[in-house]
Amino acid sequence: MTKPGCSISLRPIAEAEWPDWITVDEEAFGAAIPPHRAELYRGTAEFDRSLGAFDGGRLVGVTSVCSFTMTVPGGPLPVAGVTAVAVLPSHRRRGILSSLMARQLSDLHERGEAVAALYASEAAIYGRFGYGRAADALTFRIPTASAAFAPHAPADPGLRLRVVKPAETRPLFEKIFESVLGSRPGLYARTPARWDTVLTDHEADQDGAGPLRGVVAEDDDGPRGYALFRIRRSFTDHDVPDGELRLRELFALDPAGYALLWRHVLDRDLVSHVTAADRPSDDPVIHLLAEPRRLNALWRDDLWVRVVDVERALPARRYAAPVDVVIEVEDARCPWNARRWRLTADPSGARCAPTGDPADLTLPVSALGAAYLGGRRLTPLSAAGVVRESREGAVRELSTAMSWEPAPWGSRIF
């Protein structure tokens, strides 16, 4: 709700109001959006799910949802991808953000969407609305001169590399991505409009690093992986090559294809280091390098997850171990969640139902979201006082059951 005296109304925007939407986004995030990029965003926008806050007739705040199919432990699930949450600087501290998020959660519940996910521009914001940090990512800055592989690195003599033009190779990329989509929680299916944003190669997208480049790993049976990257050319004062390869994507169907693609980006001529931003926290390249310290890894948050409907969300995923536990969920934003639930799960599936039995553990809904994709254990949250245990061993049992491998990762900000 907006604060008293604040004459703000909320409604979905019309497509004709898209330029105003872009203005709010630019002002809130302090960055100019090139016209071609604004058009790409328009292609991914769902206007009936793009909520605006209006002060009189002026758009002053926005939030939107992308309808995704996302991989969760055990398979695909419809997930609301929350994006473009912004309020004009002139209208901060007036309850507009809270009103937008509350309305959005209510809309998601009415539509029957059990789970929402987002990328956070500021990590302190979204815990207030029940989102939990569900996935982590690593950024690597690898000096190529120190990037030797360990002896155990897989290899396949039948594999070969082919340099490609990304714009001409899109169907192949789509096929490979579709094949790996179900392998990791957090990956989400890409529409044609979403692929447009991946492969755009306007000068404004290049940031001084040249055109988008691609390479495919394949054998006689077909493609087994691809990498997308840009190269920023540079030389030292003494004319020593000092280029930077900026890895955009790298996906492969098997370990040998994965290793060969990494070997290619680390061996490009005139490149002194490779920057790979937002890689999965358990990226196999960590174990491919003979000296993993040379990764110079930087750790940060990736996906944040909100359980919108506990009763639907918990049975919609699989569990790593059998569990029978009563969970008391604290949720000030979604009162339909705020009660005790009995979760029972085994290899045949999971069930979640309201119960009057005493709670085995109590946790905020943000902790449930943090654990939902299987990458955040509940035991450290218990040690931090976020999760409270009433029956000895209950936290460990639920933490083990909700864990999953590989680690969750969204791959690309939406």
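R141, D207, R232, E244 and R246 are linked in a network of salt bridges, a salt bridge being a side-chain nitrogen of Lys or Arg within 4 Å of a carboxyl oxygen of Asp or Glu. The model is predicted, so local features need pLDDT of at least 70 and side-chain atom pairs count only at pLDDT 80 or more, while totals for chains, interfaces and linings use all residues. Residues are numbered from 1 along each chain as its sequence is written, and side-chain values use heavy atoms, with hydrogens and water left out.

Side chains of opposite charge can pair when their charged atoms come close. Searching the whole structure gives 37 salt bridges. In one of them, the side chains of R49 and E113 meet at 2.3 Å, N to O. R49 lies in the loop between α2 (35–44) and β2 (50–55) and E113 in the loop between α3 (96–111) and β5, so this pair ties together parts that are 64 residues apart in sequence. Helices (H or I, at least four residues) and strands (E, at least two) are DSSP runs, numbered from the N terminus. R49 is buried at a relative accessible area of 8%, and E113 is buried at 11%. Here buried means under 20% relative accessible area, exposed over 50%, and partly exposed in between (1.4 Å probe, protein chains only).

R224 takes part in a salt bridge with D156, in which the closest N and O atoms are 3.0 Å apart. Because R224 lies in strand β10 (residues 222–232) and D156 in the loop between β7 (136–143) and β8 (160–164), the pair ties together parts that are 68 residues apart in sequence. R224 is buried, with a relative accessible area of 12%, whereas D156 is partly exposed, at 30%. R224 also forms a salt bridge with D219, where the closest N and O atoms are 2.8 Å apart. D219 is buried, with a relative accessible area of 15%.

N296 lies in the loop between α8 (285–288) and β13 (298–301) and is partly exposed, at 46% relative accessibility.
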